[in-house]
Structures are given as structure tokens and as C-alpha cells.
Amino acid sequence: METLEKILEFGGTKRDIIFLSISGIALVISLLGVSTPVDLAWVAIILCGTPIVLEAVVGLITEFDIKADVLVSIALIASVVIGEIFAAGEVAFIMQLGGLLEELTVARARAGIEKLVHLTPRTARVIKDGKEHIVKAEEVEVGDHIRVLPGETVPVDGLIISGQTSINQAVMTGESLPVDKEEGDEVSSGTVNQFGAFDMEAVKVGEDSSIQRMIRLVQSADAGKAKIVRLADRWATWIVVIALASAVLTWIFTHEIIRSVTILVVFCPCALVLATPTAIMAAIGNITKHGFLVKEGDALERMAKVSKIVFDKTGTLTFGTPKVNTVCSIDNRFTDEDIYLFAAGSELRSEHPLGKAVVRSYQEDHDDPTPQPDDFSMIPGRGVKARVDGKDVIAGNLEMMHEHSIRTDELEKKAGPYLDKGCTMIYVSVDGIEAGFIALADTLRPQSALISSQVREAGVEPVLLTGDHDNAAVYIADKVQISELKANCLPEDKLEYIEKTQENGEYVCMIGDGINDAPALKKAFVGVAMGGTGSDIAVDAADIALVDDDIKELPHLIWLSRRMMFTIKCNLTFSMVLNFVAIILAITGILNPVVGALVHNAGSVVVIVNSAFLLKWKKKRI
């Protein structure tokens, strides 16, 4: 029952499911040879075959569009004419099952846009005549003064006119660390105010706001994404023409209608229809064991063509969580361990992610409990003050040090190399003296450099696009040996890069985890989202999700997708050759309708067995 509800939720209808269930049961009974007044395969023909025939007729009349459904319709009718009822029902069932699966994947793709819409702030606190008025966010006008309290979402784009705070900008940049803001700084709609209250002036409102632009980017990327046309559909026109011409000419020259019907039966496209989906399902079964969830039916087909893989940094090549990288004392009166203890103690009650990261790292590195602070106070956008082990400790940014008249010459000199590596710094003073600093950095996934190397080995170029600043981007790119990178990327920057690259004839795979990656994941030829740490919106926007967030199997995904396409081409070639040989035999009268039906069923079995080899396939590495 739970499975049924999920199917219905993602676009299936009760009618489709009921019809397919009844048809499947009827076909099984017919296959077992159970005695019934009427062959139950007729149930599948009526419930599943009728819509196929109607769709083929409508397509031909309104658009003169010849696809595989025309070929299937001809085979259905021909099979019924010669009494091959089970074959007709079987083809109808397979085609309708594939159609339902396609509908479900399309419906799932829309879910990401709906969730993104829900992120749009609903209300705003507008200040007029010194009083707060709660209004709808869409009613805010340019120039209005708005107050944003801690924990609230910024309703529109604007400039801070009073107050200091830290803003979580993950929705726009993907970076997990909040950014300190003060008077004159810009803030974007959809971002979250972490700590202090502030007043801002509205600059961009309504459809011009950042979150609304994000929604439009996702929608436009989805609408403009090229759809794969099935190989069977591409060949369908020629197959239909050849089959009909062969049948008509045979009847004209031999005057034997049975030979013409046999031609249509042997062209019953079971093997052709099964060639692609059986290989795809086997490949999906294989890749699922390696931690990938394939959400779009043709995602692996597209993956085989990819020439560039674009990585987001945070949460993809890195774990997305800051850790203490270095602790450094610059005063002989204090050891590195003293600085670590003072910083951890002063940050123990902090709600700032950087402060929490210091405490978490200290507790992982030490068995002793973290010292409890006295006289704790937190200054939003600056840092913390506390008394730890009898010492007055200040831990924060350079502005915090300067505001308390603490010299920072030596601190800045020693911290320079760590800033060049993209580290985030917490400066520490003890009793009014510059004492040391703690450098925090996102942690690189251990397999990232190897994965980058193996991706290049597969003939695919890795690229780094990140919302992080230049130093962090360059440091990570150097570590994983990626030569092409772009830092300080907003969602539209990533989308623009992918658009331009694909306009130049290259196929791009985007790998990301954040809400800010959703437009790029949608626009890319293939989108891969980190399923564990990634946002729901990113996962919904992608074609493939990484369940355990481990990218070590990415090269296997590339190689398997190519192997799958090779298998599909082999299946299609075999089914076509078999059909043409059968046509020749039917024209000469060697094949009768019954043997012809057996031939095309045998072809289906061969295709299924060949596809099944993909289930355990893995590229052998030297």
C-alpha cells in the first residue's frame, strides 16, 4: 500500500496501475495455459494495447509522426489477425509499463521546483513611522526599511543600514560557513539571519529578488534541457516503411496473404522494444550497488556522452564541515595547546558554526573536558569574549581585535600562508595581548584526487566551480589536480558556464549538493546530487543521486554508462538483423506465421540475456 501511495504521489494514476496489474495477472494465467473461456491475453490487448493504437493513429493524423508505437500497433494488429494473442498482449503490456515509468520520472523532476518555491519568504517586517508592520513579502517596495530578527529569512535583496550579524548564504553560494555582515553590506532574499537583528533597505523586490531569480533559473533550465530521443524511435520510420513495403510487395507478387501477415509478425518489435530498457534496467541494478540512485530513465544514456564533469567544492570534493587545521601560538608565554584550550573554552557556549567547529575539534582531540567559560558574551559578526582559566580571552576576527585595541601585526604576518590556502581564521588574544590563532578549513575527501585522475583517464575533463573565494578554490583545485576552475560563483554563474560549454558542443555532467546548485543540475546534460548531505531541492533537480555521498565510484558510473550504450547498440543491431533475415525467409515462404512468432520471441530472450550481463559488469583496471 505504501508503494502504491508513493507511485501515485509521483505522477502515476490509479487507472494506469490497475490496468497494468490486471493485464500482468491475465498474461501470467495465459502463459501457464490455464483453461478459460477466452484467452486472457485479450485483457492486456484491450487495456494496454488500445491506448497504444489510438496514440499511434492520432500521431500519424495530426503530426504525421512515426515512432515505435506505430510499429507496435502494426505488430499488435498482425499478431491478432494470425491468432498470436499472447504475443500481442505481451508487447502491449511492456510498452505501457515503460510509458508509466517515464511519467513517474518526469513528475519527480517537478518536485524540486515546488520545494524551491516553498523557500520563498512569506512575510517581512516593514518599519514605518518607527513601528513594525508585518506585510506579505511581495508587497515590499524598493526603499522600504525592513527589520530582520535572528533566525528569520531575509525577505528581499537589500543593504544593511544598521546592525551587525552573520548570514547563512548556503542557498545562494553553497558555502556552509556564515558570512559576517555589517552596515553597507548586501544581503539576499532566501538567506538566513543567524544571530543579531539588523535593519535593511530594500533594493530588489518581487520578481527581481535573488530567490525568485533562482526559481526562474531552475524552471528555464528544465524547459531548455534537450531530451534524448530513443534509438528505436529514430529508426521507427524506416522500419515501418520497410515492413509495410515488404508485406505489400510480397502480396502483389505472390498473391499469398499469409506471407504478408508473416512479415508483419516477424517485424513484431519485441526485441527492438526490449533492447534499450532491459540494458538500462540492468545497468541501474549494477550502479545501485555502488551507491547511485538513478532517477531519470535516460540518465545513463546521457552519461555515456559526457565530456566534462563540473564539481562543486563544498560537500562534493570536500566534506562541507570545517575542522581545525592548525593551532599557532605567537607568544612564548603560551603553547599551542594553551591557545587551543582558551579558544575552545571561550567558544563553548557560542552558536556560531565556526565556534562549534573549534569546540568539536577540541573534544575530538582531547580526553579532558572543555573548560567552562565565565562572563561569556557574543558580538554578532565579530566573535566572543569570555574568562577561561582565570584569563580574559577574546576570540574572533581582526575587526574584533581592533575594536579592543589589540595589535595584530604579528598575527596577520603568521596567518598569511594559511589564508592563501583558503583557511578561515579565528584570532585569539589573552589578557589584552595578541596570543595566537586557529586556522579552520573544509576537509578534502580522501578519494578526491584519485577520482579526478580516474575521470581524466576516462577521457572526461574535470572542472571546479565554487561559490568560495579564490584562495580556497585554487588550493583545493591544486590538491585534486584540476586545472580549470572558477571561484565566487553565484547560481547564475554556474548556469551560464554550463550553457556556454554545451552550446560549444560539449556535454556536461554537474555534481553538486546545495540549493544553489539546483539550476546547474537541471541545465547540465546529466545532474548528479549528493544524496546524504545534499539538499532535497538539489536531489530533486538531479538525474542521479549519490546515496552515501562517496564519489569514489564516479569513474565506474562513466565506464558503465558507456558499456550500457555498447550493449544497447548490440541489442538493436541483433534485433534488426534477425528481423531482416526473418523477412527474407517469410517472403520466400520458408517461415510461416507460427514459426515467425517463435523467432521474434527467441530474439527477445537473446536481448534480455545479453542485457543481464551488465548486472555484474565492472571495468577491469590494469
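These legends go with close-up views of a predicted model.

**View 1. Helix α14 and the elements around it.** Let's start with α14, which covers residues 353-365 and has 13 residues. From its first C-alpha to its last, α14 reaches 18 Å, close to the 18 Å expected at 1.5 Å a residue. Its buried residues are Leu-354, Gly-355, Ala-357, Val-358, Val-359, Ser-361 and Tyr-362. These buried residues pack against β12 (318-329), α13 (336-347), β16 (424-430) and β17 (433-444).

**View 2. Helix α13, one of the partners of α14.** With 12 residues, α13 reaches 17 Å between its first and last C-alpha, close to the 16 Å expected at 1.5 Å a residue. Buried residues in α13 include Ile-339, Tyr-340, Phe-342 and Ala-343.

**View 3. The largest nonpolar core.** This core has 47 residues, and Ile-309 and Met-564 have the most contacts inside it. Helix α22 (residues 554-587) gives the most to this core, with nine residues. Take a look around Met-564: leaving out residues up to four places away in sequence, Met-564 touches Ala-279, Ile-280, Ala-283, Leu-300, Glu-301 and Leu-614. A second, separate core has 23 residues, among them Ile-339, Tyr-340, Ala-343 and Ala-386.

**View 4. A nonpolar patch on the surface.** Here, Val-248, Leu-249, Trp-251, Ile-252, Phe-253, Ile-257 and Ile-258 together have about 740 Å² of accessible area. Helices α8 (231-254) and α9 (257-266) each supply at least two residues of the patch, and the largest share, five residues, comes from α8. Ile-252 is found in α8, and Ile-252 counts as partly exposed because its relative accessibility is 42%, between the limits of 20% and 50%.

Terms used
Residues numbered from 1 in each chain as written. Predicted model: local features only at pLDDT ≥ 70, side-chain atom pairs only at ≥ 80, totals over all residues. Heavy atoms only, no water. Helix = DSSP H or I, 4+ residues; strand = E, 2+ residues; numbered from the N terminus. Expected span 1.5 Å × (residues − 1). Buried < 20%, exposed > 50% of the residue type's maximum accessible area, 1.4 Å probe, protein only. Contact = heavy atoms within 4.5 Å. Core = buried A, V, L, I, M, F, W, Y, C linked by side-chain atoms within 4.5 Å. Patch = residues over 30% accessible without salt bridge, like charges linked within 9 Å, V, L, I, M, F, W, Y side chains within 5 Å. Areas by Shrake-Rupley, 256 points an atom, 1.4 Å probe, with all protein chains shown as cover. Salt bridge = Lys/Arg side-chain N within 4 Å of Asp/Glu carboxyl O.
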